[in-house]
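Try each task before reading its solution.

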Amino acid sequence: MAAADSGGARVEGDEVDVADGPAGLADAALPGSGIVPAEERGRGRLQRIRDTAADWRGWLPVAGLTVLLVIETFFDLRRAPTSSPWLWDSYLFVYLAGALICLVLWPRPATRLSRSGIAVAGVGAALMAYALISAAVTPRPYVSYTVIPRAYLTVPILTAMATLLAAWALIRALPPAPLHRILWWPAAATIVCCYLQWPRSAAVHESARLATGMGGSAVVHVPLLLAAGVTLSAALAGWRRWWSLGLTALGALAVVLTGSRAGAICLLLAGVVIALQWLRSRKAWIGAAAVVVVAAILVAAVPVLHRLFNPTDELRAKNLDTALKFWSSAPTHILIGVGSGRLWPWYAFDSHLLWTPWRGMVTTPWGPALNSAHSTFLQVLVELGLAGCLLLAPVVIIPVVVLIRRLGAARRQAQPDPDDVCLIVLVATIGAFLLDTYLLKNYGASLWWWLVALGALRRRPTSSDRSETQSCDSSAPSTSAQNAG
């Protein structure tokens, strides 16, 4: 909008004064003219740096989260700074410190959760509170001829609560931009760093299967898949399209290289839903088929990945048999569980109070069992009973219901939302809960899950929120530059 007077014209939107005559046009930059004054050219880069520094509330939480995930990828924060055995692991202190920083620097939230997000976070916290009470009153477990101190049952639950708290504090501090923008740098760092540290992890684990400090090869596929979902969402939205597509391919390849059967199933499930929602041309389907063929050739050619074709696991079968026998042995066990940590005091092994036995099998009064449940659903059912399952159910069902509603609305409008990709991948990873333990364990992977879950279940921004959204990219501090990608 321009306001004219006798002395010249003023372009209010860009705050550029234009004087009458050719001299004025030569010294000012008209929007869209491509003319940039000499003094503006000299000050442009410095001004962009100043704008970015002034917008620290937008980029600081993104930068902090990115640094945290890089550290988690290279270093195993399950360890404490002290020598073994330890009681308090590094995850607890790091996540509590991160949550405190976010709450102090951002006392007023930049974004708010929707009712679904509040329900997921609230019920998740209630599940952990119930597990903490259960761990505090259950008989101390007797495993591998050793009575486990009660502190080794309660501390892991406190760390799980700190993980949820850190994810909630980070999400409320992040700007109300689309999820693929605020998590793009953390996702990129997670994917790239998993390859950079691969030689070191292969030497530590004595296996060529990809693993990181965030989790072993049976666990890390969840954060890798979630990170790939973020970058794919960005690519579909046109945000750094080619970089995002490249990172998505690397992320999907990393999931395959973990050799995890749960990872392969989750990747396939997410891929099918995304393909049905977004692939509308013959060329797109041909490209997707080519990716599947290349992945199949890779799995067939690499011997360490042949385990993907073997769905059986004798040790898990023994673990399941022992767990169900113990759980069904008394009505109270069925209703409220046998006690958190009573059958699987896994933290005693992680903290090196006890050394992990060969093949992970331990001797219990109820039969042989693995040193951990290796299933979120099984652990909650057996140790927390049907009451725990009632608390876990909304955490995993609400994202599914929200996704179904969003995909149905997108079908009716024929306009799929790229940010729904993040939710699709999140729902696909719930399948991994059957084969390993998350939320109550594996805190690095759980932080990623909570971040995407709560981020995808934020309140949709209003028009005023969008106008106030600042850039999450330090190289593009203005909203117009963000939209340009």
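**Exercise 1.** This is a predicted model. Work out how helix α18 (residues 420–429) and helix α19 (residues 443–456) are oriented to each other.

*Solution.* Start with the axes: those of α18 and α19 come within 10 Å and cross at roughly 135°. Now classify that angle: over 145 degrees would count as roughly antiparallel, and 65 to 115 as roughly perpendicular. The pair α18 and α19 is therefore oblique. As for the hand, α18 passes α19 in a left-handed crossing.

Next, find who does the touching. From α18 come Cys 422, Leu 423, Leu 426 and Thr 429, and from α19 come Trp 449, Val 452, Ala 453 and Ala 456. Sort these contact residues by type and you get seven nonpolar, one polar and no charged.

**Exercise 2.** Find which members of the largest nonpolar core touch the most other members.

*Solution.* The core has 108 residues, and the ones to pick out are Leu 183, Trp 448, Trp 449 and Trp 450. Helix α6 (residues 151–173) is the top contributor to this core, with 13 residues.

Then zoom in on Leu 183. Skip its neighbours within four places in sequence, and its contacts are Leu 65, Leu 174, Val 230, Trp 448 and Val 452.

**Exercise 3.** Decide whether Ala 97 is buried, partly exposed or exposed.

*Solution.* Locate Ala 97 first: it sits in helix α4 (residues 90–105). Its relative accessibility is 37%, so Ala 97 counts as partly exposed. Finally, check the spacing to Ala 162, 65 residues apart along the chain: the two C-alpha atoms are separated by 9.4 Å.

Conventions. Residues numbered from 1 in each chain as written. Predicted model: local features only at pLDDT ≥ 70, side-chain atom pairs only at ≥ 80, totals over all residues. Heavy atoms only, no water. Core = buried A, V, L, I, M, F, W, Y, C linked by side-chain atoms within 4.5 Å. Buried < 20%, exposed > 50% of the residue type's maximum accessible area, 1.4 Å probe, protein only. Helix = DSSP H or I, 4+ residues; strand = E, 2+ residues; numbered from the N terminus. Contact = heavy atoms within 4.5 Å. Axes fitted to C-alpha atoms, helices over the stretch in contact; angles between N-to-C directions. Parallel < 35°, antiparallel > 145°, perpendicular 65-115°, else oblique. Left-handed = near helix turned anticlockwise from the far one by under 90°. Nonpolar A, V, L, I, M, F, W, Y, C, P; charged D, E, K, R; others polar.
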